[in-house]
Amino acid sequence: MTLYHCSPEPGLKTLRPSGSRFGKPRQVCLTASLPMALMYGVRHFEYTYGYNRAGELYYEEFFPNALAEIYRGKKASLYVCAHREDMGTTVVPNEYVTPLEVPVEEEIWIPDVYTALREQERQGTLKVVRWEDAGVQRRARMAEMELLTIREQKLLEQPDAPFARYMREKYPESWARAVQDGAEKGGQV
């Protein structure tokens, strides 16, 4: 089975275990899904993708033109690796992990990750839920998720941190609610 790992870092010959801010242990993460791998071709604060009930991969824009803004013009390397016995699966469909190093079999240069993702969309291997197509309820759910992220990450306590600046810029309504909620609680954030 062919597995993929995508990174903005070119020239890797071996994938080494690393941690993430998403709470995963030190491991190498790979996927059997090419479009899922491509989403990791940029280092970003959030990856708003998932699988629907039919098992189809989708990317959901949480703000207008998110796909283009995040991925357009970004270069990456797609690493092709072979499945091994020491690799396990996770609750995320198509995701494989191992605590051991993984040799790279092939590196494929991706000159524009956005173009590669749009090609996956054209081929039907990736559904894109555009911001303008999201209904009122869906947008309200997104705003609640972003508010929860602001609270859980304690971003109001570190307003100049890159993630806090990003959240304040991209989700101003959620940020304003977090500030208001903090003020209503007597300054407690």
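Student: Where is K154 placed?
Tutor: K154 sits in the loop between α4 and α5 (162-170). Helices (H or I, at least four residues) and strands (E, at least two) are DSSP runs, numbered from the N terminus. This is a predicted model, in which local features need pLDDT of at least 70 and side-chain atom pairs count only at pLDDT 80 or more, while totals for chains, interfaces and linings use all residues. Residues are numbered from 1 along each chain as its sequence is written, and side-chain values use heavy atoms, with hydrogens and water left out.

Student: What is the phi of K154?
Tutor: Positive, about 55 degrees, although K154 is not a glycine. K154 is partly exposed, with a relative accessible area of 45%. Buried means under 20% relative accessible area, exposed over 50%, and partly exposed in between (1.4 Å probe, protein chains only).

Student: And what about the phi of N94?
Tutor: N94 is not a glycine either, and its phi is positive, about 70 degrees. N94 lies in the loop between β7 (88-89) and β8 (95-98). Its relative accessible area is 34%, so N94 is partly exposed.

Student: Back to α4. At what angle do α4 and α6 pack?
Tutor: Helix α4 (residues 136-152) and helix α6 (residues 172-184) pack at about 50 degrees, with their axes 9 Å apart. Axes are lines fitted to C-alpha atoms, for helices over the stretch in contact, and angles run from 0 to 180 degrees between N-to-C directions.

Student: What does that make α4 and α6 to each other?
Tutor: They are therefore oblique to each other. Angles under 35 degrees count as roughly parallel, over 145 as roughly antiparallel, 65 to 115 as roughly perpendicular and the rest as oblique.

Student: Which residues make the contact between α4 and α6?
Tutor: From α4 they are A143, E144, E146, L147, I150 and R151, and from α6 they are S174, W175, R177, A178 and D181. Contact means heavy atoms within 4.5 Å.

Student: New topic. Which residues of α3 are buried?
Tutor: In helix α3 (residues 113-123), the buried residues are V113, Y114, A116, L117 and Q120. They lie on the same side of α3, because they cover an arc of only 165 degrees around the axis. That arc is taken from the directions from the helix axis to the C-beta atoms.

Student: What covers the buried residues of α3?
Tutor: The cover includes α1 (34-38), α2 (66-71), β6 (76-82) and β10 (106-110).

Student: How about Q120, what does Q120 touch?
Tutor: Not counting residues up to four places away in sequence, Q120 touches L34, P35, L38, T125 and L126. Q120 counts as buried at 7% relative accessibility. The side chains of Q120 and T125 are joined by a polar contact of 2.6 Å. A polar contact is a pair of N or O atoms within 3.5 Å; within protein, one must be able to donate a hydrogen and the other to accept it, and residues adjacent in sequence count only if both atoms are side-chain atoms.

Student: Which residue caps the N-terminal end of α3?
Tutor: D112 does, with a side-chain oxygen 2.9 Å from the backbone nitrogen of Y114. After α3 comes G124, which has a positive phi, near 85 degrees.

Student: Last one: how many helices and strands does the protein chain have?
Tutor: Six helices and eleven strands. Of the 189 residues in the protein chain, 41% are buried.
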